[in-house]
Amino acid sequence: ADLNLLFADKRLASSKLLFEIGEPELGFATLIKAEGYLVRAKEMEEENRKSGLDTGDMLNRLTKASMKHAYVIEEILTIAPEDAIAGVVETANIPKGVYLESSGHLRELQLPVSENPFGW
């Protein structure tokens, strides 16, 4: 889960850079991969939780990472060309879903949840 979260963050930064230098097709493909890694990290955390492993720290990191991903995707939207916007908007739903699931599990475990500035 840790490694997938690292890959997700690295791909997200690469995606933004690719959009900035005028490579939106490659930037979008990289963004999709970034969010795939984020989802895989969440799935691995769920497997660990089902196995009885303490995942409070990972859940907390997932909530924070998903908010950061949503923030960076919002930044990408400001520089994305018109034909890429619909795909980027759709991709923005992925970190929102990860945040909602992870924060819900934190609440179930009666652990503190990072404040969500996005209102979802």
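In the predicted model, Ser 103 touches Thr 63 and Val 113 when residues up to four places away in sequence are not counted. Ser 103 belongs to helix 5, which spans residues 93–108. The relative accessibility of Ser 103 is 2%, and the residue therefore counts as buried, the cut-off for this class being under 20% relative accessible area. The side chain of Ser 103 also places a polar atom 3.3 Å from the backbone oxygen of Leu 100. This separation falls within the 3.5 Å limit applied to polar contacts.

Ala 80 is located in the loop that links helix 3 (56–79) to helix 4 (82–91). Because its relative accessibility is 10%, Ala 80 is likewise classed as buried. With neighbours within four places in sequence left aside, the residues in contact with Ala 80 are Phe 19 and Ile 85.

The surface was examined for nonpolar clusters. A nonpolar patch is formed there by Leu 3, Leu 6 and Phe 7. Together, these three residues present about 260 Å² of accessible area. One of them, Leu 3, is part of helix 1, which covers residues 2–20.

Key
Residues numbered from 1 in each chain as written. Predicted model: local features only at pLDDT ≥ 70, side-chain atom pairs only at ≥ 80, totals over all residues. Heavy atoms only, no water. Helix = DSSP H or I, 4+ residues; strand = E, 2+ residues; numbered from the N terminus. Buried < 20%, exposed > 50% of the residue type's maximum accessible area, 1.4 Å probe, protein only. Polar contact = N/O pair within 3.5 Å; in protein donor to acceptor, adjacent residues only side chain to side chain. Contact = heavy atoms within 4.5 Å. Patch = residues over 30% accessible without salt bridge, like charges linked within 9 Å, V, L, I, M, F, W, Y side chains within 5 Å. Areas by Shrake-Rupley, 256 points an atom, 1.4 Å probe, with all protein chains shown as cover. Salt bridge = Lys/Arg side-chain N within 4 Å of Asp/Glu carboxyl O.
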